[in-house]
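Good morning, everyone, and thank you for making time for this short talk. Please have a look at the sequence and the model on the screen, and then I will walk you through them step by step.

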Amino acid sequence: MSSAHSADTAQPLPQTPRTRAVRRGDRGSHDVATIHAIIDEAAVCHVGFIDGGESPDSRPVPVVIPTVPWRVGGELMIHGSSASRMIRRLQSGDEACVTVSLIDAWVLARSAFNHSVNYRSVVLFGRPRLVEEETEKRAVLDALVEKIEPGRAAKVRAPNAQELKATAVLAFPIAEASAKVRSGPPGDDPEDMDRPVWAGLVPLSLVAGTPVRDGE
């Protein structure tokens, strides 16, 4: 896993028309370390792509699929059944949009309009490559297990040949991507500051519960 942070000191990613923050540009960032940190913390991402099927009115169908992201160096990884619609579509070279979101707090203001959310997010565009070489594929899948619990990959049974064949791994280059972050207190208007209503932050986080041993 030492390669997971090897690219964190790189120069900011180049801004493109698709990754430029149009609204609230002050919250946007192309900083590589920020983008990597959000991906590393996230338990879920959403992968958007255009399905080959057609809607009843003969138009292409946009599809968004949730899955688990993890990172190896400068690539965002996803995996799934080799027979899944998403994998089959994307391994053919189609472009996708991957979004990652972390919610840190509800922001309760003194006016309805100024309620908000403290969040950290990443939007990434690109065409993934199929990870085919066996040694790399095994190392990448080990990295997923390590994200779930550091040190676990060396303890569990590795995938056998059949399991490895049934699992596809796609690697997205973290090249055309940007982060967006909102933090801090509510942005109330001066005329609302004396309104007798509670205002502030309600922290939110994904917390692991007490482990439950299998068979108990």
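Predicted model: local features only at pLDDT ≥ 70, side-chain atom pairs only at ≥ 80, totals over all residues.

**Overall picture**

Among contacts in the protein between residues at least 6 apart in sequence, 71% join residues at least 24 apart, where a contact means heavy atoms within 4.5 Å. Residues are numbered from 1 along each chain as its sequence is written, and side-chain values use heavy atoms, with hydrogens and water left out.

The secondary structure comes to four helices and eleven strands; helices (H or I, at least four residues) and strands (E, at least two) are DSSP runs, numbered from the N terminus. The C-alpha trace spans about 65 × 50 × 40 Å along its principal axes. Of the 216 residues in the protein, 34% are buried, and here buried means under 20% relative accessible area, exposed means over 50%, and partly exposed is in between, with a 1.4 Å probe and protein chains only. The protein exposes about 13000 Å², of which carbon and sulfur atoms supply 56%; accessible areas come from the Shrake-Rupley method with a 1.4 Å probe, and for residues only the protein chains shown count as cover.

**The open sheet**

Let me turn to the strands. Strands of a sheet pair through backbone hydrogen bonds, either parallel or antiparallel. In this work, two strands pair if DSSP finds at least two bridges between them.

An open sheet of four strands has the order β4-β5-β9-β8, and its pairing is antiparallel. Which strands stand at the edges? They are β4 (70-72) and β8 (129-130), each with a single partner strand, so one side of each is left without a neighbour in the sheet.

Going across this sheet, β4 is joined to strand β5 (residues 75-81) by three bridges, and Arg71 has Leu76 in β5 as its bridge partner. Seven bridges then join β5 to β9, with His79 partnered by Val169 in β9. Finally, two bridges join β8 to β9, and the partner of Arg129 is Ala171 in β9. Strand β9 (residues 167-173) is mostly covered, since five of its seven residues are buried.

**Around strand β6**

Now to another set of strands. Strand β6 (residues 96-108) and strand β7 (residues 116-126) run antiparallel and are joined by eleven bridges, with Thr99 standing opposite Val123 in β7. Four bridges also join β6 to strand β11 (residues 200-203), again antiparallel, and there Val107 has Leu201 as its bridge partner.

Is Asn118, with its relative accessible area of 5%, buried or exposed? Asn118, which lies in strand β7, is buried. Leaving out residues up to four places away in sequence, Asn118 touches Leu102, Ile103, Asp104, Ala105, Val107, Arg182, Ser183, Gly184 and Leu201.

Strand β11 also holds Val202, which is partly exposed, with a relative accessible area of 33%. Together with Trp106 and Trp198, Val202 makes a nonpolar surface patch of about 340 Å². Patches are made of residues with over 30% relative accessible area and no salt bridge, where like charges are joined within 9 Å and nonpolar side chains (Val, Leu, Ile, Met, Phe, Trp, Tyr) within 5 Å; a salt bridge is a side-chain nitrogen of Lys or Arg within 4 Å of a carboxyl oxygen of Asp or Glu.

**The cysteines**

How many disulfides are there? A disulfide is a covalent bond between the sulfur atoms of two cysteines. The rule used here asks for a pair of cysteine sulfur atoms within 2.5 Å, and by this rule the count comes to zero. The reason for Cys45 is distance, because its sulfur is 10 Å from the closest cysteine sulfur, in Cys97, which is too far for a bond. Cys45 is buried, at 0% relative accessibility, whereas Cys97 is partly exposed, at 22%.

**A last residue**

I will end with Gly52, which is placed in strand β2 (residues 45-54) and is partly exposed, with a relative accessible area of 46%. Gly52 and Asp31 are 21 residues apart in sequence, and their C-alpha atoms are 34 Å apart in space.
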